[in-house]
Number of protein chains: 6
Amino acid sequence: MNKATVLMAEMTWPEFSARLENEPVVFLPTGMLEQHGPHLPMGVDHLLPTAIAEMVAQEVDGIVAPPINYGYKSMPRTGGGPSFPGSTGLDGTTLIHTVRDVIRELARHGVRRICVIDGHFENLWFLNEGIDLAMREVGDTGLRVMCLQHWEFLTRDTLDVVFPDGFPGIELEHAAVLETSLMMHFYPDLVRTDRIPDNAPMDAPPYDVWPARPEWVPASGALTSAALASPEKGAAMVKQYRDDMSAAVRRELLS
Amino acid sequence: MNKATVLMAEMTWPEFSARLENEPVVFLPTGMLEQHGPHLPMGVDHLLPTAIAEMVAQEVDGIVAPPINYGYKSMPRTGGGPSFPGSTGLDGTTLIHTVRDVIRELARHGVRRICVIDGHFENLWFLNEGIDLAMREVGDTGLRVMCLQHWEFLTRDTLDVVFPDGFPGIELEHAAVLETSLMMHFYPDLVRTDRIPDNAPMDAPPYDVWPARPEWVPASGALTSAALASPEKGAAMVKQYRDDMSAAVRRELLS
Amino acid sequence: MNKATVLMAEMTWPEFSARLENEPVVFLPTGMLEQHGPHLPMGVDHLLPTAIAEMVAQEVDGIVAPPINYGYKSMPRTGGGPSFPGSTGLDGTTLIHTVRDVIRELARHGVRRICVIDGHFENLWFLNEGIDLAMREVGDTGLRVMCLQHWEFLTRDTLDVVFPDGFPGIELEHAAVLETSLMMHFYPDLVRTDRIPDNAPMDAPPYDVWPARPEWVPASGALTSAALASPEKGAAMVKQYRDDMSAAVRRELLS
Amino acid sequence: MNKATVLMAEMTWPEFSARLENEPVVFLPTGMLEQHGPHLPMGVDHLLPTAIAEMVAQEVDGIVAPPINYGYKSMPRTGGGPSFPGSTGLDGTTLIHTVRDVIRELARHGVRRICVIDGHFENLWFLNEGIDLAMREVGDTGLRVMCLQHWEFLTRDTLDVVFPDGFPGIELEHAAVLETSLMMHFYPDLVRTDRIPDNAPMDAPPYDVWPARPEWVPASGALTSAALASPEKGAAMVKQYRDDMSAAVRRELLS
Amino acid sequence: MNKATVLMAEMTWPEFSARLENEPVVFLPTGMLEQHGPHLPMGVDHLLPTAIAEMVAQEVDGIVAPPINYGYKSMPRTGGGPSFPGSTGLDGTTLIHTVRDVIRELARHGVRRICVIDGHFENLWFLNEGIDLAMREVGDTGLRVMCLQHWEFLTRDTLDVVFPDGFPGIELEHAAVLETSLMMHFYPDLVRTDRIPDNAPMDAPPYDVWPARPEWVPASGALTSAALASPEKGAAMVKQYRDDMSAAVRRELLS
Amino acid sequence: MNKATVLMAEMTWPEFSARLENEPVVFLPTGMLEQHGPHLPMGVDHLLPTAIAEMVAQEVDGIVAPPINYGYKSMPRTGGGPSFPGSTGLDGTTLIHTVRDVIRELARHGVRRICVIDGHFENLWFLNEGIDLAMREVGDTGLRVMCLQHWEFLTRDTLDVVFPDGFPGIELEHAAVLETSLMMHFYPDLVRTDRIPDNAPMDAPPYDVWPARPEWVPASGALTSAALASPEKGAAMVKQYRDDMSAAVRRELLS
């Protein structure tokens, strides 16, 4: 290994220790093992935030902690739901405590700037709570934490590029144009381009039911067509992520 | 991607679903983010079991679930303890619940043969408990789970090769000859060969104390010298792992 | 009391027991004690779903369980955040377990159709998880649960009436036109009409930070102006709620 | 709303905030949804402490937080037990954490004087524990908490008025003279006066058994006759409550 | 060991296994480490129920499991409160889970009749909840559990013997005549007869406050005088316990 | 009682309070109710550490808290596993919280030196975690905790005496020569000398499986022969324990 890594898992402890002196931002990617249609691998939700975190960390001289690979349960309206084989969800409290513990430990090492980058829609509120519990335990030490879901950073301009026919809304963007384009950009070898689905969008009611109704969800697992995905669209999103996330991290955590 | 992967995170859900028909063993690697001396990366404890799981999965036509990257707290006598920067431990109950949840979910998908491969000494009893809770919840469904720490498979013959001057005992093998040799074999780019420590073995008493006594632990974080590590020794261990773990998995889970 | 109530808290047990024979839907309102601007009472989030639940219950011959008055912590971008005096949030796990327990107990009484009506944006995922845990514990008994946040039922037509200048998005509708109009309809005595705020909309970034930044939130606590609220708009929403929620409940739980 | 409310749920946040300057006592009513015989509504246990809290709050210029409507499981010897339809009990730990969270949050708002008023016999020890956990978390801030079950305030003189033939003991006073008279006073519309039971007292042994023995409990759910209840008796109790609880609150929390 | 023991801790597993064939009652004593005045040892609350359980087990051919030595926190009005050195209380949830686990495990061994005998007033509701959770987990297996606090068995006749001047009520009987007499009977060597306190009864109000008020409690820790305790009174109570508890156990668990 | 006890359960609170002035070490024995072959009682794991703790406490003028009688679940390879009647294990989290609570409370009394002495192999990591949680809660108060499993103190010299034919390793020493000899020394009346097993050692693989395989474990429950046990060997071990544990306690906690 002859160049500096941003990956904490690939650093030795003296390297990590030396890096702490500059008060770096530590990025924590959070994902899920979950169906992403017939064309994307089930690890999309940790693969994307890890790649994004690496990119932003390089911009701001930060560090990327290993991803939390398992996340909260898939819901039908946003991820197809639990009935797809392979969607492997944690109980909410388990995820809350995992995030709390990792942040508490990073803070114990002296880290004071943490950015959680999430790739799984259903994770958000359990991440929020895990962060909040860590803040309460850690107390008044100057620890600052930021939590984001990457797609929230997409601007109107970028969305116009990616969805020239109009943005259908983030809820349908599971295994669809947005995630497929990002995977084509970051992990082209993991996309089965011959199996990109072109189904109609899911038409689900504005509520949830238990037991889940698999019939609400397109059989492919993609909540709408991914046919218009392209690596170029992925690159466009990534460029904007790089600029805007770096700026946000600098503004919130490094100023 | 033009050849079959064993990595669940790189499979699509239809691929995973098709694989389930053969009732494969699913391997779950469990690790820790923890200091491993001045020469090994902090991700050793999930990197090694993931590599081993991939190897054994290829032998038995199995599947490797994404690793649980964070593990139980480092203890001074077996991992150097919490005072090393970067050793990022979960509370015991958090790890218990993570393992329970992942196994419960795999069982819900129809998996009936699971092999947990652990790379972090301190994890074991929390893994045991997580498995036990999952078994209790899942009930009488035919689910079988196996749990191993890879070094427990080393035979006297292999130990004689790796430690020609005598095996100092597994407790001291943190960031020492055993782990260094395995890393040289599987991840040579991640070993800082110019910084391999050659310190005297830790001389700790037969008990633990809180607050931890950092002075019990060699300053390098390696609990004894790693100077005699080599990729050849790693290969010798790995060969035996391949044979014996595959045999054990076949005997316990596939017969 | 000379007419039939739908409120479970006002029924005697023999009355409730007799009602169970018809397999009624039991509605569970969930709220929060939280700031709602200078003009609305802090109980808005349980008052509205309780009123809505009563209305829908009368339509479908259902029963309204007592509300869960406390909910998940207020977040700055959706409720103003914890810094407002009076915003009294439960830990996530506490809310999860409360919902789980109430549903488990209703199921034990023989209830098989439950509709959770939520009035607090931040509650949703903890409600989802509480319901999911209850379903897992209750097992295969025919229990069906529906969970909704009332504003999700607003159609484009209704939104055009309520927001003739365009719907600013649900995130800003905390203590603004939507909630104020509904309160004017259901609880006119509790609205301080002389203190309805007319501040500019919150302009928050697309992420959260801890410690919270009170400066992101308008000083009034209303995330945008409520000046155009009216009881007529409230009535328009309520009429649509009555029709569409009743239809949804019949479709999902009574067919 | 043209007069000052003591109900926190009906206050705006600026009103609550202004009230905090006087360091008021905040009352927290705790109840249960539980059978109370053929004549009383199932919400008695939150209705009574809420009414009592309002009354005492007016005396001491205090504030009443919204009630916790669900409580600990009904036991046969004190509430008829779980077999009555509608008795909807929380797990003990859920109630403990709810009380802990509400008190922790009130303390975070700056409240330093809290009085929990309980209406459900079985709640007491879980309230105690929730308060104790909150005290431990809040630490040395000057927070003072008082916890009472209203009937414990009845003096010998009052008992002589209410039970001229002798007080049968508080355990039997479930849905009997005491609670019925109080409901007649506070909520006359909710009492089915034509269905007041006149059964013999429960004759239960001095221990509990699981599974519960419904045959220990009178079929009505009232643990003894309520025939001699009257609004006048209710008024007598309430008068004493007003005087003595106000005095106790002043003595313990306001001096 | 030349005669049959009833103590499970002193049995071998084959002896226990053989005993199970007769479907014996297993007694579980629950105690507390807590101050009991200047004259009684702090283990009174597990010593007495263990002795009582042994006695009753001999009557009904039962088995006594090892006591749970630590119990719920001492409260001022019933045990003097936490301020006495040595009163070592568990959190409520810890005790709940301990009782749940032990009962679940006994049931797993095939035990179907369990009698919890408690010696610590403050334990009761956490024992109730632990039993209830175990019943829910164990399901419909025929398991029956009984839970008692020994003093609840005292009849009017016995109380007249022990308290010829009138029974002051069980709340005051902490380290007073009742417990002292029982200790004189069962463990005379552990009673410091030269230090038996003769203080006036505690005069506490009908509620609790946090922080606790040590000044409510007599300085001795005995809540009233123990001067009239005697081994003869202890023997009288014990005789009645033996008869009535045996009868109750036979009636509830062995018929 | 005419001589000073070291047993906290047999002290009065004033005696305990007086002892605290000397800042004594408090010993906490932890055990398990578990099969120990056909010749040893099921309480071995709390009986031995309690006896050892008493002995060491007398050496260092310490205090012995009551044992925690129930421990973590028996595992086949180290205790025979859960299938033996009578092996009554707690869930891991229950044991963690019990240890945490007892230590937190001892610290609240002013104890600053605690030594946990464990007699059950499977307990260790849950004890570690309980201690760690207590340390975190108690904070920076000077509390020091030591945790040991007694057999870890055996030196090579002692092992040569006890196992003249070679030490088979601690894992097999369940109900075998080591524990049997110690019981013969401390509790000769509880050893069934006519039933000492002489089976071959267990030959288990280097991993665990669920469901457990009872066929891995010798039918006696002793993991190897206990035939060569003797009270003299017990005395030899005990002598070394006395010297070395006292020295360790003095070094770690009293200097």
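Hi everyone, let's start with who does not meet whom: chain B and chain D do not touch, and their nearest C-alpha atoms are 17 Å apart. Contact here means heavy atoms within 4.5 Å. Chain A and chain E are not in contact either, with their closest C-alpha atoms 17 Å apart.

A quick word on conventions: this is a predicted model, where local features need pLDDT of at least 70, side-chain atom pairs count only at pLDDT 80 or more, and totals for chains, interfaces and linings use all residues. Residues are numbered from 1 along each chain as written, chains are lettered from A and ligands numbered from 1 in written order, and side-chain values use heavy atoms, without hydrogens or water.

On to the rings. Over all chains there are 57 aromatic pairs (Phe, Tyr or Trp six-membered ring centres within 6.5 Å; planes under 30 degrees apart are stacked, over 60 edge-to-face, the rest tilted). Phe121(C) and Trp151(C) have ring centres 6.5 Å apart and planes at 25°, so they are stacked. Phe121(C) is partly exposed at 24% relative accessible area, while Trp151(C) is buried at 8% (buried is under 20%, exposed over 50%, partly exposed in between, with a 1.4 Å probe and protein chains only). Both residues belong to one aromatic cluster, whose members include Tyr72(A) and Trp125(A).
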